2 protein chains.
Amino acid sequence: MIERLVIIGVGLIGGSFALALRQAGQVRHIVGVGRSSANLREALKLGVIDAVADSAGAAVGGADLVLLALPVGSMPGVLREIAPHLPEGCLITDAGSTKQDVVAAARAALDGALGRFVPGHPIAGAEHSGVTAARADLYQGRQVVLTPLAENTPAAIERVAALWRACGAEVAQMSPETHDRIFAAVSHLPHLAAFALVDDLAGRSEADTYFRYAGGGFRDFTRIAASHPEMWRDIALANREALLAELDAYIAELELIRGLLARGDAAGLEAIFQRASQVRKDWKPNPS
Amino acid sequence: MIERLVIIGVGLIGGSFALALRQAGQVRHIVGVGRSSANLREALKLGVIDAVADSAGAAVGGADLVLLALPVGSMPGVLREIAPHLPEGCLITDAGSTKQDVVAAARAALDGALGRFVPGHPIAGAEHSGVTAARADLYQGRQVVLTPLAENTPAAIERVAALWRACGAEVAQMSPETHDRIFAAVSHLPHLAAFALVDDLAGRSEADTYFRYAGGGFRDFTRIAASHPEMWRDIALANREALLAELDAYIAELELIRGLLARGDAAGLEAIFQRASQVRKDWKPNPS
């Protein structure tokens, strides 16, 4: 049982973690910290948290688990702020979408508490944000990737993994480098590609006409373009090297298709569409 | 009342048109033509069509309406095949995703019947194909774009429009050029962009690992990559000039984002993500 859980950043991800652990009977008291007092009041009203703390530093006193669920660009400052106040034995984890940068920030800030910081990433993003979108079943059947440090004890890793499993998630482990390379390809690049398409159209004088005739394909392709701009700015910058490589690969693939189209190479186009179509049909998406 | 409706290509689009008109009480006898006899048998079994004809030429004898619902690359051959057999007064329309090429093929093939060919495009694609995916309510609340010819009489245009409205659709009119320019941007480019991403990943040695961790954003972004390869090969080639222009604009936008990311320009990235996110949130998708 966690006596005092501190959620720093009570949005979709942090709020759903709180709700899921409470529903699983794993936590007694939940304290929320965040930039928006309106959001924190809403979190109190919804029963996601039991109390609001004025600052992250003040909140973590007496905590046995701290979850950092903020845009990754805000992690270094918050880690520095909480470091002097972390009690002995308090575990720290995070829900950041990139891992090498968060690990580097933790190494810089946490000193003696580093071995109790178990980095994580729940694969449960959504285009909705804020605590009103939080739900106890968000992590049901979802994957959570932990990227443990050499300094972590097996017990610390297992404790964090067990809490995510109590939320209904499946837990995988990999290095921060592997994590960032994989998610640059399957998450960060698609977000940039969706933002790019909508921004391209939005900048045209006849934008309204284009959007009026956009159908279901466009709707789904661009759903993630409604995602949180600041969060995705941070993710892009935090995972810059891997994401630049993915952007280059994607632009090269688009240039390949452009060349086939310009030459009227029907067989070449069909071969690409055929492989993509078959692979996409055979793929079993994770639940959502 | 249509006494004899001929559907050439009894898939999702043609089959749903047949089901919707039958449900609306607008048609007495429906004849199907297609390349796959298994699909036609299924269409008979499902009650989508009442009879199968051996060839398009034989089918259109005695018809008062013919719908061409095939990949656009197959339109020229079928138009040439049916032209000598079209009865006086028989209306012809199509459901092709591109319009300038279909209009050119009709001009080349139809001679005296050209005034009775009213080109159309129902905005109701789906990644599923074949008659088993057809449903009577597919067009409910959807848009159908007609791109009438100077040779069409107002009565012919209105008759085709009224039939689509009987299927539940809203009907708009524009020139074939405007149609192809708009749909290059909001439909054809997103399809190529989704095919490109899946093909890029599918070609990697660790493809399985990437797909294992792909989440809901990837799922929706790539849904249309499961689309029919031959159909999309035809669409891409048929709308080549407009689509090349869109590919260039999209690659330029990706290069712009790449440059901002490489320079670490946080404000520049956030401005693009912010505009895209706001526009996408404000957009009211058409029903599906």
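Some housekeeping. Residues are numbered from 1 along each chain as its sequence is written, and chains are lettered from A and ligands numbered from 1 in the order in which they are written. As the model is predicted, local features need pLDDT of at least 70 and side-chain atom pairs count only at pLDDT 80 or more, while totals for chains, interfaces and linings use all residues.

On confidence, pLDDT is the predictor's confidence in each residue, from 0 to 100. Chain A averages 95, and 98% of its residues score at least 70. For the complex, the predictor gives an ipTM of 0.89 and a pTM of 0.89.

Now the sheet in chain A. Helices (H or I, at least four residues) and strands (E, at least two) are DSSP runs, numbered from the N terminus. Two strands pair if DSSP finds at least two bridges between them. The open sheet has 6 strands with parallel pairing, in the order β3-β2-β1-β4-β5-β6. β3 (51–52) and β6 (117–118) stand at the edges with a single partner strand each, so one side of each has no neighbour in the sheet. Further in, β1 (residues 2–8) and β4 (residues 65–68) of chain A run parallel and are joined by 4 bridges. V6(A) is opposite V66(A) in β4(A).

Next, the two chains. Residues are in contact if their C-beta atoms, placed from the backbone, lie within 7 Å.

One helix pair to finish. α10 (residues 229–238) of chain A packs against α12(B) at about 140°, with the axes 8 Å apart. Axes are lines fitted to C-alpha atoms, for helices over the stretch in contact, and angles run from 0 to 180 degrees between N-to-C directions. That angle makes α10(A) oblique to α12(B); under 35 degrees is roughly parallel, over 145 roughly antiparallel, 65 to 115 roughly perpendicular, and the rest oblique. Among the residues making this contact are W232(A) and F273(B).

Conventions. Two residues are in contact if their C-beta atoms, placed from the backbone, lie within 7 Å.
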